[in-house]
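Here is a short report on pockets and surface features. Please look over the sequence and the model before reading on.

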Amino acid sequence: PILLYVLVALYYRVKINLHTKEQVGVGLVLGSLNGGAWNEYFAHGFLSNFVQDVFMGPSGTLPVQYLAVPAVVGAMVVGSFERRISRWIGKLKKE
């Protein structure tokens with residue numbers, strides 16, 4: 001399911017002209033490398049034990065409330081960034 005979501009999201013971003021195919025390709029490669037590195041770091045590094053001991057309960061799952069802050073900050077950053085780019089592109093088109 002996550003791969004389908006990624007493909008649809010990438011297609012959508014190119015279709016509505018938020019990004020070019022090249023930008024999406026670079027983002028896909030860099031995002032995959034970053035995700036792979038973090039997965040390796042968490043799976044085999046000391047950080048996995050720290051997170052499990054400090055944040056996860058006996059069930060071994062991260063409580064939903066711990067995801068609220070990163071989700072809100074992420075939404076604010078992405079929305080703000082896209083609005084700025086949209087205004088900048090609008091100014092370029094007027095010139």
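How do the residues of the lining of the largest pocket divide into nonpolar, polar and charged? They divide into six nonpolar, four polar and three charged. The model behind this count is predicted.

## The largest pocket

Start with its size. The largest pocket has a volume of about 270 Å³. Its lining is made of 13 residues. Arg13, Leu18, His19, Glu82 and Ile85 lie nearest the centre of this pocket.

Which helix gives the largest share of the lining of the second largest pocket? It is H2, with five residues. By type, the lining of this pocket divides into four nonpolar, four polar and one charged.

Arg13 and His19 lie nearest the centre of the largest pocket.

## A nonpolar patch on the surface

Now turn to the surface. Phe50, Val54, Phe55, Leu62, Tyr66 and Leu67 form a nonpolar patch there. Together they have about 530 Å² of accessible area. Helix H3 (46-54) and H4 are the elements that give two or more residues to the patch.

Take Tyr66 as one member of the patch. Its place is in helix H4. Is Tyr66 buried, partly exposed or exposed? Tyr66 counts as partly exposed because its relative accessibility is 42%, and partly exposed means a value between the buried limit of 20% and the exposed limit of 50%.

## Met56 in the loop

Where does Met56 lie? Met56 sits in the loop between H3 and H4. Its relative accessible area is 25%, so Met56 is partly exposed.

Met56 and Gly79 are 23 residues apart along the chain. Their C-alpha atoms are separated by 30 Å.

Methods
Residues are numbered from 1 along each chain as its sequence is written. This is a predicted model: local features need pLDDT of at least 70, side-chain atom pairs count only at pLDDT 80 or more; totals for chains, interfaces and linings use all residues. Side-chain values use heavy atoms; hydrogens and water are left out. On a 1 Å grid over the protein atoms alone, a cavity is a set of points where a 1.4 Å probe fits but cannot get out, and a pocket is an open set with protein on both sides within 12 Å along at least five of seven lines; lining residues have an atom within 4 Å of a point. Grid points are joined across faces, edges and corners, and a volume is the space filled by probe spheres set on the points. Ala, Val, Leu, Ile, Met, Phe, Trp, Tyr, Cys and Pro count as nonpolar, Asp, Glu, Lys and Arg as charged, and the others, Gly among them, as polar. Helices (H or I, at least four residues) and strands (E, at least two) are DSSP runs, numbered from the N terminus. Patches are made of residues with over 30% relative accessible area and no salt bridge: like charges are joined within 9 Å, nonpolar side chains (Val, Leu, Ile, Met, Phe, Trp, Tyr) within 5 Å. Accessible areas come from the Shrake-Rupley method with a 1.4 Å probe; for residues, only the protein chains shown count as cover. A salt bridge is a side-chain nitrogen of Lys or Arg within 4 Å of a carboxyl oxygen of Asp or Glu. Buried means under 20% relative accessible area, exposed over 50%, partly exposed in between (1.4 Å probe, protein chains only).
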